[in-house]
Amino acid sequence: MESSRCVSSKYMCHPWRTVTHEVNCPVRVLPTTFNDSFNRFEIAHYIHAANRVAETVPVGGPMSCLMKIPQNIQLLFELNVPTTLERKSIGVVIGVNHDFRHIFIGFRSTNDLFQLLAQYLVFQMGWMEDFPLGGKMVAIYVQIYKDILNFGFDASLEQAVSSFPSYSLLVTGHSLGGAMATVFSLHVALRYPLKPVSLYAWSGPRSGDETFVRMLREHTVPTPHHNTFEVFYPTHMTTDNYKICDQAESETCLKGSWWKTFFSHIFMFDMNFFNHQRMG
């Protein structure tokens, strides 16, 4: 599982550990599909919409974010899912972009201090569990995955797919939502094997082991963070001066710098994600 040809990364659950698995080896050809404008003016608002699925926001609140997208957008489902392990919740939004002909699925960022601490403690304990689709995963994400399924996620998505059978699928989220977007992109890809599935995971913690990563690479079209490649912006993503890195984790791309600076995690594409979590 290890290779001396790989450049190790010091950023793991514990910063002093290294990652030398072959899943972190540099790729031979850099991807050319990353689109700054699409992320800045489309994906960002999907994530903002997901962040407004919460107990403190009236039903229909996500549409206030989706209205900023110039395309023909239809909001289908808002799922505010109670979570079992830390007894909080996570929001999920499912909608349609008719112009781009895709069904988008967004997952809410962490919006509760206790939920943030719960994730931190699980990481510190190294608590991993078997993931139903294969491999092992951080325990809290396994449980949230099950909570979302038990809440009726598959039935809601099936209704969306049945209504728009020719549309592709797009999965996204930030922070905790980025981790769950990664998890559910594989779930969705296996459930609808004939549909293209795109993943846009922003600043999500690691979720699964190398077995999970291999499955993800096989079945989805991943975008940055921990899976196939990373896109690194040096200054809060205010402009398109990004670098596409040839590894999932690399010191040369400053992997993990977001945890060192709170604002680097909250302000992306010059937008304040914290405000949208707090009804701003």
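Tyr141, Ile144, Tyr145, Ile148 and Leu149 of helix α4 are in contact (heavy atoms within 4.5 Å) with Leu176, Ala179, Met180, Val183, Phe184 and His187 of helix α6. The residues of this contact comprise ten nonpolar, one polar and no charged; Ala, Val, Leu, Ile, Met, Phe, Trp, Tyr, Cys and Pro count as nonpolar, Asp, Glu, Lys and Arg as charged, and the others, Gly among them, as polar. The model is predicted, so local features need pLDDT of at least 70 and side-chain atom pairs count only at pLDDT 80 or more, while totals for chains, interfaces and linings use all residues. Residues are numbered from 1 along each chain as its sequence is written, and side-chain values use heavy atoms, with hydrogens and water left out.

**Overall content**

- The protein has nine helices and eleven strands; these are DSSP runs numbered from the N terminus, with helices being H or I of at least four residues and strands E of at least two.
- Of its 280 residues, 55% are buried, where buried means under 20% relative accessible area, exposed over 50% and partly exposed in between (1.4 Å probe, protein chains only).
- Among contacts between residues at least 6 apart in sequence, 64% join residues at least 24 apart.

- Helix α4 covers residues 139–150, twelve residues, and spans 17 Å from first C-alpha to last, close to the expected 16 Å; the expected span is 1.5 Å times one less than the number of residues.
- Ala139, Ile140, Tyr141, Val142, Ile144, Tyr145, Asp147 and Ile148 are the buried residues of α4.
- After α4 comes glycine 152, which has a positive phi near 110 degrees.
- The axes of α4 and α6 come within 11 Å and cross at roughly 65 degrees; axes are lines fitted to C-alpha atoms, for helices over the stretch in contact, and angles run from 0 to 180 degrees between N-to-C directions.
- The two helices α4 and α6 are therefore roughly perpendicular, given that angles under 35 degrees count as roughly parallel, over 145 as roughly antiparallel, 65 to 115 as roughly perpendicular and the rest as oblique.
- The crossing of α4 and α6 is right-handed: a crossing is right-handed if the near helix is turned clockwise from the far one by less than a right angle, and left-handed if anticlockwise.

- Helix α6 has 16 residues and reaches 22 Å between its first and last C-alpha atoms, close to the 22 Å expected.
- Because 14 of the 16 residues of α6 are buried, this helix is largely enclosed by the rest of the structure.
- The axes of α6 (residues 176–191) and α7 (residues 210–219) come within 10 Å, crossing at roughly 55 degrees.
- Helices α6 and α7 are therefore oblique to each other, and their crossing is left-handed.
- From α6, Thr182, Val183, Ser185, Leu186, Ala189 and Leu190 meet Phe212, Met215, Leu216 and His219 of α7.
- The α6–α7 contact residues divide into seven nonpolar, three polar and no charged.

**Two buried residues elsewhere**

- Histidine 45 lies in helix α1 (residues 36–51) and is buried, at a relative accessible area of 10%.
- Leaving aside residues up to four places away in sequence, histidine 45 touches Cys65, Leu66, Lys68, Ile69 and Met271.
- Serine 109 sits in the loop between β3 (102–107) and α3 (113–125) and counts as buried, with 1% relative accessibility.
- The C-alpha atom of serine 109 is separated by 6.9 Å from that of glycine 173, 64 residues apart along the chain.
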